[in-house]
Amino acid sequence: MSTVSQIDDPAAPAAERKPATTRTGGGFVDGTINVFSHGFLLVWGLLTALPLLWALLSAFKSDNEILSDPWGLPSQLRWSNFSRAWTHGHIGQYFVNTGVVLLGSLTLTMLLGATAAYALARYKFWGNRIIYFTFVGGMMFPVVLAFVPLFFVVRNAGLLDTLPGLMLVYTAYSLPFTVFFLTAFFRTLPTAVSEAALIDGCGPFRLFFRVMLPMAKPGLISVGIFNFLGHWNQYLLPVVLLKDESKYVLAQGLAALAVSEGYRGDYSRLFAGLTLAMLPVLVVYGVFQRQIQAGLTAGQMK
Amino acid sequence: MKHGKYPLLAAFLLPPLALYAYFVISPYAQTFVISTTDWHGLSRSYNVVGLDNFKKLWNDEHIWNALLHNLWLLILLPILTIGLGLFLATMLNVGGRGGRGAVAGVRGAAVYKIIYFAPQMLSVAVIGVLWTEIYNPRSGLLNAALRGIGLDGLAQIWLGDPDIALWAVLAVMVWANVGFYVVLFGAAMQSVPRDIYEAAALDGASRTATMFRITVPLLWDTIQVAWVYLAIIAMDAFALVQIMTRGGPSFSTDVIGERLYDVSFGDSQFGYGSAIGVVMFFLTLTITIAALRLSRRERIELS
């Protein structure tokens with residue numbers, strides 16, 4: 001498009017009329033404007049990337065280097081910072097706890113979210129709308145509102161300071177978005193397939209697990225990524241519901257490490273812990289960035 | 001489908017509903033009940049005090065102080081984030097426009113998008129801890145950078161100065177959220193026909209005019225959603241504040257969520273804390289509805 005209108009334009013300098021093949025990237029060279037826009041884009045890019053790179057580099061520094069020369073490079077790669085964070089900083093334990101919680105909470109969220117969404121999207125029955133809006137309304141309010149009673153509800157159920165308790169609470173608070181997103185998704189699936197399956201004698205449960213669920217795979221992946229990140233990064237719920245340090249999850253443990261660092265002055269261990277907490281999600285993001293961006297923004301577009 | 005309907009509905013809806021009612025609806029509902037008591041949590045005994053907690057709330061200057069900070073965030077966070085998001089998304093998607101009628105994305109747009117979006121991956125704990133270190137007056141990246149370019153006078157005790165701390169926290173919120181809206185607005189811009197931009201460019205519309213007369217009206221639906229979403233984030237700045245400043249220094253970064261948490265889990269005034277929760281509930285509801293109403297405009301159909 002840019003090529004056509006440019007060639008049509010007699011004012012364009014001959015030097016800029018490069019063959020179309022060089023412009024396949026969508027960029028087109030116009031000196032001042034591109035310097036202008038690239039300048040701003042670059043500045044924001046640096047503002048975003050530098051803090052993350054700084055944390056990574058600081059993780060290899062000694063405490064002295066961190067304090068005396070914040071912009072300097074580490075004089076050597078001190079991997080021991082990471083092992084100190086992993087063992088003495090308990091980051092390793094927090095990783096395991098987070099993984100255990102996630103395994104349970106993500107499975108449960110997807111199963112309960114998908115079944116509820118399917119029932120709401122594909123069946124007409126009295127109360128359908130009420131149930132739908134009860135779920136979806138939960139998206140509106142900050143979780144901090146429910147903190148006081150939630151603490152006691154979980155305590156009375158004997159689930160305070162337990163990882164299964166956290167799994168159930170994560171699942172419950174993930175249902176609003178999951179149900180909202182998947183209901184919209186199940187509605188878009190064609191009815192012809194399920195009608196054909198029913199005529200062939202397929203029961204309603206088999207129909208869901210063998211036909212509809214596989215068809216909903218793209219939607220399940222999007223909402224799965226969303227929930228994975230939400231549960232992996234969850235901070236507030238564990239702060240209220242887990243007081244036992246050996247049960248801490250990653251985000252909570254990192255914040256606790258930052259507080260104790262204030263007293264001990266072990267900066268390199270903190271940065272190593274920070275890097276360990278950041279890196280897994282950033283690596284996953286690097287690999288699946290297209291799906292992740294689409295998944296996270298899709299929920300907003302509806 | 002008539003016969004087998006109810007077993008499936010029961011099996012598919014009852015477990016999620018039960019879990020949701022137990023852990024989400026019942027706590028929200030209980031907040032209202034507890035807010036009318038003087039319950040201190042440990043004992044089972046409590047007195048019903050009616051609206052006393054709310055009267056106390058009305059006269060509590062710390063509440064008003066915290067609400068004022070929420071209000072600032074409520075105004076500034078959406079403006080800064082949406083403004084910056086729209087600006088960067090425009091640059092990325094139609095930034096290659098040379099004023100000669102040609103419209104294209106800039107080179108490397110995909111790479112920029114990957115970088116901008118990256119903070120979305122991080123936990124609020126990671127963001128809070130990272131930026132606390134960046135703001136560290138002695139060893140932080142920010143002051144070191146200012147000193148490095150000879151602006152020693154601008155170096156601050158960012159999170160320790162009551163005049164600056166709230167804005168330092170706001171900057172982190174903007175930093176963490178802009179990338180999301182660049183991608184969101186970018187996706188919305190893809191659905192705007194290119195010829196509209198090219199026609200505007202041919203007619204000699206300036207960049208500013210194109211932005212406010214074309215991009216903003218055409219993306220209004222998306223901007224409206226962004227506004228509501230950011231308003232909710234601004235009301236809920238609690239997590240970041242809790243990690244970075246705990247509301248200090250001298251309540252200069254206190255927000256309503258931090259009040260609720262401190263009053264409830266710090267002072268065990270669960271009745272009073274729940275009253276704060278009830279107020280937050282209605283405030284969030286009002287703000288969401290107001291944001292939806294105020295931003296309602298005639299929809300522009302693209303076809």
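Trainee: How many helices and strands does the secondary structure of chain B come to?

Mentor: The secondary structure of chain B comes to 13 helices and zero strands, where helices (H or I, at least four residues) and strands (E, at least two) are DSSP runs numbered from the N terminus. This is a predicted model, in which local features need pLDDT of at least 70, side-chain atom pairs count only at pLDDT 80 or more, and totals for chains, interfaces and linings use all residues. Residues are numbered from 1 along each chain as its sequence is written, and chains are lettered from A and ligands numbered from 1 in the order in which they are written.

Trainee: Why is N136(B) called buried?

Mentor: A residue is buried if 20 or more other C-beta atoms, placed from the backbone, lie within 10 Å of its own, exposed if 12 or fewer do, and partly exposed in between. N136(B) has 21 other C-beta atoms within 10 Å and is therefore buried, although its place is in the loop between α5 (124–134) and α6 (141–148) of chain B. By that criterion, buried residues make up 49% of the 303 residues in chain B.

Trainee: What makes V223(A) buried, and which residues does V223(A) touch?

Mentor: V223(A), which lies in helix α11 (residues 217–232) of chain A, has 27 other C-beta atoms within 10 Å, so V223(A) counts as buried. Two residues are in contact if their C-beta atoms, placed from the backbone, lie within 7 Å, and on that basis V223(A) touches T178(A), F181(A) and L182(A), leaving aside residues up to four places away in sequence. The C-alpha atoms of V223(A) and L182(A) are separated by 7.8 Å, with the two residues 41 apart along the chain.

Trainee: Why is α4(B) called oblique to α7(B)?

Mentor: Helix α4 (residues 109–117) of chain B packs with α7(B) at an angle of about 140 degrees, their axes being 7 Å apart; axes are lines fitted to C-alpha atoms, for helices over the stretch in contact, and angles run from 0 to 180 degrees between N-to-C directions. Angles under 35 degrees count as roughly parallel, over 145 as roughly antiparallel, 65 to 115 as roughly perpendicular and the rest as oblique, which is why α4(B) is oblique to α7(B). At this contact, K113(B), Y116(B) and F117(B) in α4(B) meet residues of α7(B) including V178(B), F180(B) and V182(B).

Trainee: Where does helix α1 of chain B bend, and what covers the buried residues of α1(B)?

Mentor: Helix α1 (residues 5–34) of chain B bends by about 45 degrees at A21(B), the bend being the angle between axes fitted to the seven residues ending there and the seven starting there. Its buried residues include L8(B), F12(B), Y20(B) and F23(B). What covers the buried residues of α1(B) includes α5 (91–122) and α8 (163–188) of chain A together with α13 (270–294) of chain B.

Trainee: Which residues have the most contacts inside the largest nonpolar core?

Mentor: A nonpolar core is a set of buried Ala, Val, Leu, Ile, Met, Phe, Trp, Tyr and Cys residues joined through C-beta atoms within 7 Å. The largest nonpolar core has 171 residues, and those with the most contacts inside it are L254(A), L274(A), V126(B), V169(B) and L240(B). Helix α7 (residues 165–190) of chain B gives the most to this core, with 17 residues. One of those named, V169(B), touches L240(B), V241(B), M244(B), T245(B) and T253(B), not counting residues up to four places away in sequence.
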